[in-house]
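Me: I would like to learn how to read the overall fold, a helix and a single side chain in a model of this kind. Please take me through them in turn.

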Amino acid sequence: MELTIINTFTDQPFKGNPAAVCLLTVESDSEWMQRIAKEINMPVTAFIQSHNGEWNLRWFTPTIEIPICGHGTLASSFFLWDKGLVPRNQPIAYHTKSGLLTARFVDGMVQLEFPSLIEQETAAPELLIKALGVMPEYVGQNKWDYLVEVQSEEIVRNLKPDIDSIAQLPVRGVIVTSQSDSCEYDFVSRFFSPAQGLDEDQVTGSAHCCLGPYWKSKLDKSVFIAYQASERGGLLKVEVTENTVKLSGHAVTIFEGNLTICPQTR
């Protein structure tokens with residue numbers, strides 16, 4: 001089975017968020033997929049399989065299966081178009097644990113359409129403030145994460161949170177964001193998710209499903225250029241519609257190979 005490693009939300013090797021894409025040709029169980037993801041040890045391994053002209057898609061970190069993953073979906077879409085398995089002028093529909101997700105090739109980028117994640121303002125837990133080491137300007141919570149706005153881009157970039165404390169919070173992760181100090185981006189962010197086995201995710205599509213609507217209400221606009229200021233960094237175009245968020249980004253393949261251990265031989 002084909003295995004490809006793709007850097008997403010970037011047009012440069014060794015930047016953005018890496019994902020492994022595994023093209024399944026036979027039915028595979030969850031235990032086998034989790035073992036492969038642990039062995040490959042990418043932030044996410046995406047498993048795709050053809051299904052009645054559409055595609056089944058699942059995502060695994062090295063430790064758990066996750067319900068949604070932007071960069072894993074972007075990598076899968078780039079793989080299918082790049083290999084000629086789907087024409088570039090044809091959208092891709094994925095059946096996932098988060099429902100039907102779609103991808104299109106638009107203006108040289110992969111464009112994903114995901115459901116919006118709207119946060120509600122909440123009191124900042126003491127453990128969250130302790131973990132971040134800064135006083136938030138705003139704290140909200142959606143069904144998965146805390147969203148924390150801080151005063152400046154400098155604070156976002158220099159943040160050194162206590163990951164052990166974040167791991168004790170009853171959420172998938174913590175999104176930290178601020179308006180950008182430059183005209184190059186509209187806002188910047190970082191995302192910490194030890195609950196998924198990722199102390200810091202490099203570029204997080206699903207976090208921008210919350211960030212997009214949040215900054216739309218703050219900046220009174222619906223299209224943004226966003227930068228996730230992790231060590232590798234990544235760039236996203238974010239377009240907020242009524243009920244969805246469109247996330248666009250580039251991708252680059254850095255490794256192609258084959259899995260020699262398939263489900264029948266494990």
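Me: Which secondary structure elements does the protein have, and how compact is it?

Reply: Please note that this is a predicted model. The protein has 6 helices and 18 strands. Its radius of gyration is 18 Å, close to the 18 Å that the globule rule gives for 266 residues, so the protein is as compact as a globular protein of that length. The C-alpha trace spans about 50 × 40 × 30 Å along its principal axes.

Me: How many of the residues in the protein are buried?

Reply: Buried means under 20% relative accessible area. By that criterion, buried residues make up 56% of the 266 residues.

Me: Is helix H2 enclosed or open, and what span does H2 have?

Reply: A helix is expected to span 1.5 Å times one less than its number of residues. Helix H2, residues 70-82, reaches 18 Å from its first C-alpha to its last, close to the expected 18 Å. Of its 13 residues, 12 are buried, so H2 is largely enclosed by the rest of the structure; among them are His71, Phe78, Phe79 and Trp81. Glycine 84, with a positive phi near 75°, follows H2.

Me: Is arginine 190 buried or exposed, and which polar contacts does its side chain make?

Reply: Arginine 190 belongs to strand E13 (residues 187-193) and is buried, with a relative accessible area of 8%. Its side chain makes a polar contact with the side chain of glutamate 200 at 2.8 Å. A polar atom of the arginine 190 side chain also lies 2.9 Å from the backbone oxygen of valine 156. The residues that arginine 190 touches include Asn158, Val174 and Gln228.

Technical notes
Residues are numbered from 1 along each chain as its sequence is written. This is a predicted model: local features need pLDDT of at least 70, side-chain atom pairs count only at pLDDT 80 or more; totals for chains, interfaces and linings use all residues. Side-chain values use heavy atoms; hydrogens and water are left out. Helices (H or I, at least four residues) and strands (E, at least two) are DSSP runs, numbered from the N terminus. Buried means under 20% relative accessible area, exposed over 50%, partly exposed in between (1.4 Å probe, protein chains only). A polar contact is a pair of N or O atoms within 3.5 Å; within protein, one must be able to donate a hydrogen and the other to accept it, and residues adjacent in sequence count only if both atoms are side-chain atoms. Contact means heavy atoms within 4.5 Å. The radius of gyration is taken over C-alpha atoms; the globule rule is 2.2 Å times the number of residues to the power 0.38. Lists of a residue's contacts leave out its neighbours within four places in sequence.
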